[in-house]
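Have the structure open beside you as you read.

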Amino acid sequence: MDRTTAVLARAARTLRDDIRPALHRVRTPASLEAWNAPGEPVAFTEAVAQEFAPFAPGMPWGRPWGTTWLRISAAAPAQWVIDDDERLELLVDLGFTDARVGFQCEGLLWSEDGRPLKGVEPLQRSFPLPHRPGDGFIYYLEAAANPDIAQGFQFVTTALGDRGATQGEPLYRLGRVEVTVRHLPTWELIQDLTALTGLAAELSPGGRRDEIVVAIEDALNAIDPLAVRDSATAARGRLASVLARPASASAHRIHAVGHAHIDSAWLWPIRETRRKVARSFANVLALMDRHPELTFAASSAQQWAWVKSDYPDLYERVRQRVAEGRFIPTGGQWVEPDCNLPSGESLARQLIEGKRFFLEEFGIDSPEVWIPDSFGYSAALPQIASAAGSRYFLTQKISWNETNTFPHHSFLWEGIDGTRIFTHFPSADTYHAQISAQELFLAESQFADRGRTDLSLLPFGWGDGGGGPTEEMLASAERFADLEGAPRVSLSTPEQFFTAAAADYDDPPVWVGELYLERHRGVSTTQIELKRGNRLAERMLREAEYWCTVASVRRGAVYPADTLRRIWQDVLLLQFHDILPGSSITWVHREAAEKYEALRGELTAIIESAVRALLGDGSHTVQLNAGPLPNAGVLALGATGLEGRPRPASDASARELDDDRVEIANGRLRVVFAREGNIESVFDIAADRELIPAGTPAGILRLHHDTPTTWDAWDLDDHYADRIVPLPNPAYISAFGVDEDGASASIDWDLGASTARIHYRLAPDAPRLDISIDLDWHEDRKLLKYVLPLDIHADRAAAEVGYGHVFRPTHTNTSWEEARFEVVAHRWLHVGENGYGASLANESTYGYSVTREGGSQSVHTVIGVSLARAPRYPDPESDRGRHRFAFTLRPGAGIAEAVAEGYRLNVPIREVTRVGGADIAPLVRVDAPGVMVEAVKLADDSSGDVIVRLYEAHGARSRGRITWDFAARSAHECDLLERAVEPRAAGGENRLDGYAFELRPFQLMTLRISREGAA
């Protein structure tokens, strides 16, 4: 008879009722006093100077997001005797709940002289005391009353994510705070039983499992429930032989890497993350003091910078462990960003700023990119990572796919330009493992590359809200290091794992293109204003760097390097994978919107200051073009005075047709609107071609119910398409006419609780239809799409991504294609058939669907633009309010025209008034078709060298030359960190006035030009 179930149930009951309660031999309560910080958190020195009042267990504390400081005074009684197998501890219960670590109250323990010592959390409540019985001591505990916004991830609407919630009633009731003695053999017995019961639960019947079950039963029989501590050593002896059996030679090998994934903001504000990082780092340092085998990998240079700024003593202790190779800067990015929405240049700056920080602080260049939790990964990333000197990539998020299981765990990931990077997905499908038997067996059983390699990585330590590794996790790693029936576990580092894994896998498979997450598709739309703020910040940083460089080179103006770097770091922080996607609490979103507005003002001032340094003050108005292509008569990267420039002759017209229809036209296009406001016709005059399928309304607003099964702000479930909400009234044409800017028509829409006005314009002689949408949005759990059917037979659609574009099928032949029903595009989307296409450029909209519709005789392409959502969780105010969107439809466009429209709309002409001159010649010029200048700046090392970043945008090989109009000593290719590299793009003879190159499709090149006379 198989006794496994009965024995494991008995073991669980014995652990709960007998062994764990016996862990601490004696207890004595501490004396407590408390002070409540009246507002935001304060520094230690300010807190301890306050007047503390008596406090006791059982008393309520902590309004939402509030901070309570506890002064803990205690002494172990002098008569206590601490044996060699015991440990004196301070044990703290802040009133912990069943919520997960990092999603409730937590604290930081400080020494009396102001040194952060250890985080205090539900599963890290104890602090080993360096005192002897009879010694009095004082500690301070900074307790954070963070509300449990997650609520078990039931996605319940809550107002606690608002900064105003801080005035609520106390959330917690203090538990016991006491000095106690831990009995170490009893603790070790708990770890033995936990490991073996977990292993027995995973093993198949017979053999090894039976042996373990018998040993567990023998150990349980050896325990005296009235004298557990006295019998713990004997019970452990009954388990020793089964724990000593080594793993088989073919056992899966797991590199366990200590980690604490800390979301830089999510269900808590940024200011709380700063404290979470300190708690986690303090936990790790305390654990390292007792466990020399522990190494710990920490990503996100921003979080390290916070510790340096806020906790200098803690940072210095971290620095010591870094020097020992135990505390490891990982990932090389400023934060773990969203990897679909930021531009290619932003993703590059994430690595530039992250790596530069780690190099400047520690001399360490992280070889891996570590982003375990972002919501899909752009096909631009392999090239960007490689250009920063990274060789490896890690994530586990693709395991969240709802439809398809990814076929590999270790593989080469090939990006849009052909760059390949060795990539690993932890096969346990988690980035905060506890090193449990269940996780280890999952890592082995799911490992898709069995037979070719047997190495996988397991990040362990409490994450999301921080916490990090625990003693229990290290005990589990020790027991599973070499244990029969289980995978082998070794404590490791990211670099050790990747070096071993890459060497072990001779010919890994290749995955080409984006790593699309079949989940969380709604984050490309949620929080409209953050998307707009990000796009604008990216554009203005481009402008600021360029014009400041021109002013420095031409006029000797001071280049504001520190200011620009700080602004970049602010923008990069806001690209964190729960901020920019719009999946955080109200507090985070409001704070981000406020920051974007402040940065807009600051960057405007920087740009105008640079232009005035170039032109001086006066009465002229100048038009600036920081884009890589000519725009509105202004040269690429140049400026032209506005005065005296003739306006183009207007060929625009507007007229009313029969049936209350309206036509607007210019020399290129004719657009007809039906009485109900939809577009009836877009006629391309030059091509003699109709763009709208006959009888198909275009340019309509379609409202859908949007009620995802889980993850409200994140998910857009496919059933939304079947749940169209009827509109209360038909749309109508509210205005049309002609003015100096062209012909226009406006359509008003009644959406129920919301209204919208779509404004269409044909500028004189323009080959495009300008579209702007003013939306007053007050829906609840709805999705609004702008639907544009086009009479184009496209089997694929091109969408811009960082430094290039990707093609995605428009059909659903396979489950992979069917699951990709909502996708991301940056500045433009293009659909085409042989010889004809159309592009849709956008100002700041990222979410799209592209489908095929029609009958048996005709199929056309339908672009669906996701304009707005209205989820309730975690921000119940998501997107309610007024918004403006801008697009351009370009009939007859190829990829080159799509690229041009994207730049025209997103790097518009900037006018600066009251300057002394008119024209500014471009600082650099490129004569290669399809090659775009994406950044021009001064070198980060203050040398005065000019850095130019270019990429090929059309998806074709391009040969040409970049020239500059300043004296140069040399020019050479460099990596993203501006370090010289072997030329990869050199295409001919290079002189001091230019650099000849040849780029592959989508190839990225950074050029460093050393100036004559520069510092």
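A crossing of two helices is left-handed if the near helix is turned anticlockwise from the far one by less than a right angle, and right-handed if clockwise. Helices (H or I, at least four residues) and strands (E, at least two) are DSSP runs, numbered from the N terminus. With that in hand, the crossing of α15 and α16 is left-handed.

Before going further, a word on the source. This is a predicted model, in which local features need pLDDT of at least 70 and side-chain atom pairs count only at pLDDT 80 or more, while totals for chains, interfaces and linings use all residues. Residues are numbered from 1 along each chain as its sequence is written, and side-chain values use heavy atoms, with hydrogens and water left out.

## Two helix pairs

Axes here are lines fitted to C-alpha atoms, for helices over the stretch in contact, and angles run from 0 to 180 degrees between N-to-C directions. The table sets out both pairs.

| Helix pair | Angle | Axis separation |
|---|---|---|
| α15 (residues 561-574) and α16 | about 155° | 11 Å |
| α3 and α5 (residues 228-244) | about 40° | 9 Å |

Angles under 35 degrees count as roughly parallel, over 145 as roughly antiparallel, 65 to 115 as roughly perpendicular and the rest as oblique. The angle of about 155° between α15 and α16 therefore makes α15 roughly antiparallel to α16.

Contact means heavy atoms within 4.5 Å. On the α15 side, the residues that meet α16 are T563, L564, R566, I567, D570, V571 and L574. Their partners in α16 are A592, K595, Y596, L599, E602, L603 and I606. Sorted by class, this contact holds nine nonpolar, one polar and four charged residues. For that sorting, Ala, Val, Leu, Ile, Met, Phe, Trp, Tyr, Cys and Pro count as nonpolar, Asp, Glu, Lys and Arg as charged, and the others, Gly among them, as polar.

The crossing of α3 and α5 is left-handed. From α3, the contact takes in P185, T186, E188, L189, D192, L193 and L196. These meet V228, R229, A232, T233, A235, R236, L239, V242 and L243 in α5. The residues of this contact divide into 10 nonpolar, two polar and four charged.

## The nonpolar cores

Buried means under 20% relative accessible area, exposed over 50%, and partly exposed in between (1.4 Å probe, protein chains only). A nonpolar core is a set of buried Ala, Val, Leu, Ile, Met, Phe, Trp, Tyr and Cys residues joined through side-chain atoms within 4.5 Å.

Which residues touch the most other members of the largest nonpolar core? They are I216, F281, W304, F327, L515 and W547, out of 217 residues in that core. Helix α16 (residues 586-615) gives the most to this core, with 12 residues. A second, separate core has 60 residues, including V662, I758, A797 and Y836.

W304 is worth a click in your viewer. Leaving aside neighbours within four places in sequence, W304 has contacts that include F281, Y315, F327, P329, F357, F358 and F362.

## Covered helices

Helix α12 (residues 471-479) is mostly covered, with seven of its nine residues buried. Those residues are E471, M473, L474, A475, S476, A477 and R479. In helix α11 (residues 437-446), the buried residues are A437, E439, L440, F441 and A443. They pack against α3 (184-202), β13 (253-259), β20 (455-460) and β21 (488-491).

## A pair of strand residues

I72 lies in strand β5 (residues 67-75), and L32 is found in strand β2 (residues 31-36). Are they buried or exposed? I72 counts as buried at 0% relative accessibility, and L32 counts as buried at 5%. Although 40 residues apart in sequence, I72 and L32 are 5.1 Å apart in space, C-alpha to C-alpha.

## Backbone details in loops

D660, in the loop between β25 (653-656) and β26 (662-665), has a positive phi of about 60° although it is not a glycine. D660 is partly exposed, with a relative accessible area of 40%. R781, in the loop between β34 (769-777) and β35 (782-790), has a positive phi of about 50°, and it is not a glycine either. Its relative accessibility of 30% makes R781 partly exposed.

Finally, a cis peptide bond joins Y873 and P874, with omega about 5°. P874 is found in the loop between β42 (859-869) and β43 (881-891).
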